[in-house]
Amino acid sequence: MLIAGFPAGAWGTNCYLVAPAAGEECVIIDPGHQAAEGVAETVAKHRLKPVAVILTHGHIDHVASVVPVCGAHGVPAWIHPADRAMMSDPEKGIGRSIGAQLMGELTVGEPDDVRVLSDGAALSLAGLDLAVAHAPGHTKGSVTFRLPEAPAGDIPPLLFSGDLLFAGSVGRTDLPGGDTAELMESLGRVCLPLDDSTVVLSGHGPQTTIGQERATNPYLREAAASRTGGGTGTGGAPRRGM
């Protein structure tokens with residue numbers, strides 16, 4: 001399997017291209033701010049053929065390059081319906097004070113073909129079987145994408161977590177549509193049942209594993225304690241994302 005990722009734009013948002021192998025079809029995950037050039041270079045380097053863009057949520061730092069990337073390759077974009085409006089109106093997700101600073105430099109809108117994601121959906125794209133889980137909290141329409149362990153055992157299970165879970169942290173909940181209680185529920189429902197070997201490829205920062213986060217991430221530990229009736233408190237641990 002080929003997974004090529006790079007941080008893009010002012011927010012260092014991770015964009016991933018995923019394919020069964022070089023020279024084959026691929027999906028593009030979260031082409032954000034200034035990601036179009038990196039996508040084009042990665043496609044050329046690995047001789048890939050994009051068939052879809054899939055989005056973990058609608059914040060502008062994850063969707064800013066959707067229109068040019070989809071247009072260049074003639075592919076659809078998949079997004080949860082609760083976040084779809086953010087593609088055309090970023091202020092719905094980041095608020096007017098932040099949005100006003102960005103609108104002069106960004107061209108926003110929807111690609112020609114937009115398709116909707118739903119909880120529990122199984123996407124068969126580019127020879128990949130991606131399991132979709134609705135994971136609200138950072139935004140109302142946040143989702144994760146999970147790939148099972150490869151049959152040949154060459155890669156462990158993968159979770160593309162968007163801004164739900166990071167190495168040592170979680171997504172912020174102080175923007176429009178954010179909800180801390182929802183985020184904690186999503187952590188418990190989506191992340192805790194996964195095997196410790198699951199590699200987490202998040203929207204920002206380095207990769208990690210569920211096992212590492214289960215042991216050290218204060219938010220995931222709080223979610224686990226809540227499910228068993230306890231509680232550790234997360235104190236002032238920092239959060240990430242736009």
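Modeller: Before we start, helices (H or I, at least four residues) and strands (E, at least two) are DSSP runs here, numbered from the N terminus. Please keep in mind that this is a predicted model.

Colleague: Fine. What comes just after α3, at G74?

Modeller: G74 takes a positive phi of about 60° there.

Colleague: And which residues of α3 are buried?

Modeller: Helix α3 covers residues 66-73, and its buried residues are V66, V69 and C70. Seen down the helix axis, these buried residues fall within an arc of 95°, so they line one face of α3.

Colleague: What does the face turned away from the buried side carry?

Modeller: That face of α3 carries G71 and A72, which are exposed.

Colleague: What do the buried residues of α3 pack against?

Modeller: They pack against strands β3 (25-29), β4 (49-54) and β5 (77-79), and also against helices α1 (36-46) and α2 (60-63).

Colleague: Let's go to the largest nonpolar core. Which residues touch the most other members?

Modeller: This core has 26 residues, and those touching the most other members are L17, I28, V39, V53 and V66. At least two residues of the core come from each of β1 (2-8), β2 (13-19), β3, α1, α2, α3 and β5. Apart from this core lies another, of 23 residues, with Y16, W78, L123 and V132 among them.

Colleague: What is I28 in contact with, leaving aside its neighbours within four places in sequence?

Modeller: With that exclusion, I28 is in contact with C15, Y16, L17, V39, P50, A52, V53, I54 and V69; of these, V69 is one of the buried residues of α3.

Colleague: Changing topic, in what order do the strands of the open sheet run?

Modeller: The open sheet has 6 strands in the order β7-β8-β9-β10-β13-β14, and its pairing is mixed. Its edge strands, β7 (122-125) and β14 (208-209), each pair on one side only.

Colleague: How many bridges join β7 to β8?

Modeller: There are 4 bridges between β7 and β8 (residues 128-134), and the two strands run antiparallel, with L125 standing opposite L128 in β8.

Colleague: What about β13, is it covered or open on its faces?

Modeller: Strand β13 (residues 199-202) is covered on both faces, with V199 and L201 buried on one side and V200 and S202 buried on the other.

Colleague: In what sense do β10 and β13 pair?

Modeller: Strand β10 (residues 158-162) pairs with β13 in the parallel sense, over 4 bridges, and L158 stands opposite V199 in β13. On joining β14, however, β13 runs antiparallel to that strand, through 2 bridges, and there the bridge partner of V199 is T209.

Colleague: Which residue takes a positive phi in the hairpin of β13 and β14?

Modeller: That is G205, with a positive phi near 85°, in a hairpin that has 5 residues between the strands.

Colleague: Last topic, the whole chain. How many helices and strands are there?

Modeller: The protein chain comes to 8 helices and 14 strands. Of its 242 residues, 53% are buried, and among contacts with a separation of 6 or more, 62% are between residues 24 or more positions apart.

Colleague: And what is the mean pLDDT of the chain?

Modeller: The mean is 90, with 86% of the residues reaching 70 or more. Over residues 99-103, though, the pLDDT is below 50, and beyond near neighbours in sequence this stretch has 8 contacts in the model.

Key
Residues are numbered from 1 along each chain as its sequence is written. This is a predicted model: local features need pLDDT of at least 70, side-chain atom pairs count only at pLDDT 80 or more; totals for chains, interfaces and linings use all residues. Side-chain values use heavy atoms; hydrogens and water are left out. Buried means under 20% relative accessible area, exposed over 50%, partly exposed in between (1.4 Å probe, protein chains only). The arc is that of the directions from the helix axis to the C-beta atoms. Contact means heavy atoms within 4.5 Å. pLDDT is the predictor's confidence in each residue, from 0 to 100. Two strands pair if DSSP finds at least two bridges between them. A nonpolar core is a set of buried Ala, Val, Leu, Ile, Met, Phe, Trp, Tyr and Cys residues joined through side-chain atoms within 4.5 Å.
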